[in-house]
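Q: Could we go through this structure together? I would like to start with one of the helices and then move on.

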Amino acid sequence: MSGIDECLLRAMALPGARGAALVEWISGLALGVVGEAAAGDHETVAAETAGYARATAEHPVFTAGHTGPGPAAEEAVVLTRTGYHLIRFLEAPYEGGVFLYVWLDRAQANLALALRRMRELAEELVVA
């Protein structure tokens, strides 16, 4: 079990990690941040990434057939020419949810390793 700060620091140990955040996906509030912000400041990145995450988690294409608790989507990956933007949805003990966001330098990162490690981090994280 790990807390938010420890989880984010461990995410930054990934090869090519530039920044990481834990974000509440309904409000866009950053619960914790570390490293660089992909475009400007961390609060703006958290709010804008939450909009993307919310659209992904609530879109009928991705929610079809989902009946369990939490979002139907598990992960979202956006590849840009210079980076990977990874979102891992987590269950939260309250209405809504949170996601782990990691921004990686594409030239230095290993996408498969990063996705696997994010799953592990998500399983170990305790959000109270």
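Q: Which are the buried residues of helix 2?
A: In this predicted model, the buried residues of helix 2 are His42, Val45, Ala46, Thr49, Ala50, Ala53, Thr56 and Ala57. Buried means under 20% relative accessible area, with exposed over 50% and partly exposed in between (1.4 Å probe, protein chains only). Helices (H or I, at least four residues) and strands (E, at least two) are DSSP runs, numbered from the N terminus.

Q: Where do they sit around the axis of helix 2?
A: They cover an arc of only 130° around the axis, which puts them on the same side of helix 2. The arc is that of the directions from the helix axis to the C-beta atoms.

Q: Before we go on, what are the ground rules for the numbers?
A: The model is predicted, so local features need pLDDT of at least 70 and side-chain atom pairs count only at pLDDT 80 or more, while totals for chains, interfaces and linings use all residues. Residues are numbered from 1 along each chain as its sequence is written, and side-chain values use heavy atoms, with hydrogens and water left out.

Q: What do the buried residues of helix 2 pack against?
A: Their partners are strand 1 (17-24), strand 2 (30-35), helix 3 (60-63), strand 3 (75-79), strand 4 (83-90) and strand 5 (98-105). Contact means heavy atoms within 4.5 Å.

Q: Which residue caps the N-terminal end of helix 2?
A: Asp41 does, with a side-chain oxygen 3.1 Å from the backbone nitrogen of Glu43.

Q: Now the sheet: what is the strand order?
A: The open sheet of 5 strands has the order 2-1-5-4-3, with antiparallel pairing. Strand 2 and strand 3 stand at the edges, each with a single partner strand, so one side of each lacks a neighbour in the sheet. Two strands pair if DSSP finds at least two bridges between them.

Q: How many bridges join strand 4 to strand 5?
A: There are 8, and the two strands run antiparallel. Gly83 stands opposite Asp105 in strand 5.

Q: And what angle does helix 2 make with strand 4?
A: About 65° between their directions. Helix 4 (residues 111-124) also packs on the sheet, touching strand 3, strand 4 and strand 5, and its direction makes about 25° with that of strand 4. Axes are lines fitted to C-alpha atoms, for helices over the stretch in contact, and angles run from 0 to 180 degrees between N-to-C directions.

Q: Changing topic, is Ser2 buried or exposed?
A: Ser2 is buried, with a relative accessible area of 3%. Not counting residues up to four places away in sequence, Ser2 touches Cys7, Arg10, Glu124, Leu125 and Val126.

Key. A polar contact is a pair of N or O atoms within 3.5 Å; within protein, one must be able to donate a hydrogen and the other to accept it, and residues adjacent in sequence count only if both atoms are side-chain atoms.
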